[in-house]
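Subject: Structure for you to look at

Hi,

Here is the structure I promised to pass along.

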Amino acid sequence: MKTSISKPDFQYPEDEHFFSFLLGEDTLFTDRFDFSEPTEKRRIFDGLKKQAMDETIRQGRTRCELQLVQDCDSKKLVLDHIIPLSSNELNKHSRKMIAPRGKKVPTQSFGSNHPSNFLVACEKCNNFKKHRFIKKDGDKWLVINVKNSL
Ligand SMILES: [Zn+2]
């Protein structure tokens, strides 16, 4: 059983380190992590994102929360993950894994489909962010370059 007190069970200690830096807490937001198969998480997300988006709008979250780009305009909003569902950034930059010939560096599963891991973003900011990590700085979000933050 997962409780909100227990810490996420990271594969590597340096990952826990990175996410402590990212989330700015020593108690990590456990609900924001789910290490199960990313394709399965993506399938689940596709099934729930419309309802979850309606729910966030009902909460009054009708503006882009990322505000990363100059022409951020909140016209077309999408639901985005704070912790990406999967990423190979830590394998690449923290463990310096090299991609096997013709393949990509393997991804790790990280983010969850829990509402605490959702934010509302305009399409422009969402496209700008891509699969990168973000960190809250005061009331702003910053895109984090993993290479420079280890
Ligand atoms: Zn925006």
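A word on terms first: a residue is called buried if 20 or more other C-beta atoms lie within 10 Å of its own, exposed if 12 or fewer, and partly exposed in between, with C-beta atoms placed from the backbone. This is a predicted model, in which local features need pLDDT of at least 70 and side-chain atom pairs count only at pLDDT 80 or more, while totals for chains, interfaces and linings use all residues. Residues are numbered from 1 along each chain as its sequence is written.

Overall, the protein has five helices and six strands (DSSP runs numbered from the N terminus: helices are H or I with at least four residues, strands are E with at least two). From the N terminus on, their order is α-α-β-β-α-β-β-α-β-β-α. Buried residues make up 23% of the 150 residues. The C-alpha atoms fill a box of roughly 40 × 40 × 35 Å, taken along the principal axes.

Two residues are worth a click. Most residues other than glycine have a negative phi. Ser74, however, has a positive phi, near 60°, and sits in the loop between helix H2 (38-58) and strand S1 (77-81). Ser74 is partly exposed, because 16 other C-beta atoms lie within 10 Å. Lys130 also has a positive phi, near 55°, and is found in the loop between helix H4 (123-129) and strand S5 (133-137). Lys130 has 8 C-beta neighbours inside 10 Å, so it counts as exposed.

Happy browsing!
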